[in-house]
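Thanks for coming, everyone. Please have the picture open.

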Amino acid sequence: MKFCIISDKYTGKGFQLVGFEHIEISKDDDIKSVFTEITKREDIGCILITEQIAKSIKDEIYNFRKHHHIPIIFTLPGLYDKKDEVKKISDIIKETIGFKV
């Protein structure tokens, strides 16, 4: 299974260095169609999405999580996102899968 990040150009570069597939989103891209396309791929096991992008497709993410377990979807702060609150990884996992590990 592959890991993928949907983000801006700069956030994704670091993840590419450790083996993530990077889907770069620009202002002209249709984020919903990119999300739908990537979630249909059977080779993707985990998707990271920056918070700024995730906000624009929050309903799609919620519905996908409700009906599918794979790929796992995490949101993370991007380069341009506010960093007021830092979530612990255990809280992110609980939010994603619905129970505390």
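Start with one residue pair. Cys4 stands opposite Glu21 in β2. Keep in mind that this is a predicted model.

How many bridges join β1 to β2? There are 4 bridges, and the two strands run parallel.

How does the chain get from β1 to β2? Look at helix α1, residues 9-17. Together, β1, α1 and β2 make a β-α-β unit, and the unit is right-handed.

Next, turn to the other partner. Strand β1 covers residues 2-7, and strand β3 covers residues 44-50. They pair in the parallel sense, over 5 bridges. Lys2 has Ile44 as its bridge partner in β3. Phe3 has Cys46 as its bridge partner, again in β3.

In what order do the strands come? The order is β2-β1-β3-β4. That is 4 strands in an open sheet, with parallel pairing. Which strands stand at the edges? They are β2, residues 21-24, and β4, residues 72-76. Each has a single partner strand, so one side of each is left without a neighbour in the sheet. The strands are also turned against each other. Between neighbours in this sheet the turn is 20° on average, direction ignored.

Now the helices on the sheet. Take α2 first, residues 31-40. Helix α2 lies across β1, β2, β3 and β4. Its direction is at about 160° to β3. Then take α4, residues 58-67. Helix α4 lies across β3 and β4, and runs at about 145° to β4.

How do these two helices meet? A quick reminder before the numbers. Two packed helices are described by the angle between their axes and by the distance between the axes. For α2 and α4, the angle is about 20°, and the axes are 10 Å apart. Angles under 35 degrees count as roughly parallel, and that makes α2 roughly parallel to α4. The crossing of α2 and α4 is right-handed.

Which residues make the contact? From α2, they are Lys32, Phe35 and Thr39. From α4, they are Glu60, Ile61 and Phe64. What kinds of residue are these? The contact of α2 with α4 has 3 nonpolar, 1 polar and 2 charged residues.

Find Pro71, in the loop between α4 and β4. Is the peptide bond from Ile70 to Pro71 cis or trans? The bond is cis, with omega near 0°.

That's my tour. Over to you for questions.

Key: Residues numbered from 1 in each chain as written. Predicted model: local features only at pLDDT ≥ 70, side-chain atom pairs only at ≥ 80, totals over all residues. Heavy atoms only, no water. Pairing = 2+ DSSP bridges. Axes fitted to C-alpha atoms, helices over the stretch in contact; angles between N-to-C directions. Contact = heavy atoms within 4.5 Å. Parallel < 35°, antiparallel > 145°, perpendicular 65-115°, else oblique. Left-handed = near helix turned anticlockwise from the far one by under 90°. Nonpolar A, V, L, I, M, F, W, Y, C, P; charged D, E, K, R; others polar. Right-handed = clockwise from strand over helix to strand, strands pointing away.
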